[in-house]
Amino acid sequence: DYDISHDVFLKLAAEISKHLTVVYYPRYRDQAFIARKLAEKIPNLKILENPVDMQSLEKYASCVLTGGATMAQEAAILGTPSITYFPKKLEVTEFLKKKGFPILHLNSTKMLEKVVLEVIKNSEAYRKRTEKLISKLENPLPLIIKEISELANKR
């Protein structure tokens with residue numbers, strides 16, 4: 001009983017695939033089923049069926065659009081324009097945006113198509129070199145190691 005008219009991501013994928021190759025990674029089984037049916041009619045729509053090295057895809061994508069936030073956050077750190085379409089604001093997304101990483105948070109379907117098409121048309125203008133931004137962040141590894149060591153010593 002899946003209704004594509006309610007799936008903003010599949011509708012956008014169908015529209016964008018007129019201009020670019022769209023790599024679609026469905027979250028739910030019913031989305032995957034409908035996406036495969038769409039891909040039979042739309043040659044520029046590629047459906048990921050199995051886990052892949054997402055960071056490589058994210059790095060070279062024109063844009064990353066997700067209904068969650070993790071992939072958008074990863075892509076933004078890599079410098080790829082990213083949009084998270086999620087009902088809540090997330091601290092990590094807001095932090096990255098304030099630090100200058102190319103990430104947007106949208107929760108309005110009206111704005112989503114407009115913004116996605118704009119970013120895709122001008123993706124190089126939205127793409128950023130993030131090495132300097134990353135260098136200003138604290139490396140969390142020493143803190144993680146310290147905390148794990150302290151926890152291990154308590155046992």
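What follows is a short chat on fold, pocket, salt bridges and surface.

Modeller: Ground rules: this is a predicted model, where local features need pLDDT of at least 70, side-chain atom pairs count only at pLDDT 80 or more, and totals for chains, interfaces and linings use all residues. Residues are numbered from 1 along each chain as its sequence is written, and side-chain values use heavy atoms, with hydrogens and water left out.

Colleague: How many helices and strands does the protein have?

Modeller: Nine helices and five strands. These are DSSP runs numbered from the N terminus: helices are H or I with at least four residues, strands E with at least two. The order from the N terminus is α-β-α-β-α-β-α-β-α-β-α-α-α-α.

Colleague: What does the C-alpha trace span?

Modeller: About 60 × 40 × 25 Å along the principal axes.

Colleague: Now the largest pocket. How much space lies in it?

Modeller: About 960 Å³. A pocket here is an open set of points on a 1 Å grid over the protein atoms alone, where a 1.4 Å probe fits, with protein on both sides within 12 Å along at least five of seven lines; lining residues have an atom within 4 Å of a point.

Colleague: Which residues lie nearest its centre?

Modeller: Val 23, Tyr 24, Tyr 25, Leu 65 and Thr 66, out of 35 lining residues. The lining divides into 25 nonpolar, eight polar and two charged.

Colleague: Which element gives the most to that lining?

Modeller: H3, with five residues. That helix covers 54–60.

Colleague: Switching topic. How many salt bridges does a search of the whole structure find?

Modeller: Six. The criterion is a side-chain nitrogen of Lys or Arg within 4 Å of a carboxyl oxygen of Asp or Glu. One of them joins Glu 150 and Lys 146, at 3.2 Å, N to O.

Colleague: How far apart are those two in helix H9?

Modeller: Four residues, so about one helical turn separates Glu 150 and Lys 146. Lys 146, Glu 147 and Glu 150 are linked in a network of salt bridges.

Colleague: And Arg 129, buried or exposed?

Modeller: Exposed, at 71% relative accessibility. The cut-offs are over 50% for exposed, under 20% for buried and partly exposed in between, with a 1.4 Å probe and protein chains only. Arg 129 meets Glu 131 in a salt bridge at 3.3 Å, N to O. Glu 131 is partly exposed at 45%.

Colleague: What share of the 155 residues is buried?

Modeller: 36%.

How values were computed. Grid points are joined across faces, edges and corners, and a volume is the space filled by probe spheres set on the points. Ala, Val, Leu, Ile, Met, Phe, Trp, Tyr, Cys and Pro count as nonpolar, Asp, Glu, Lys and Arg as charged, and the others, Gly among them, as polar.
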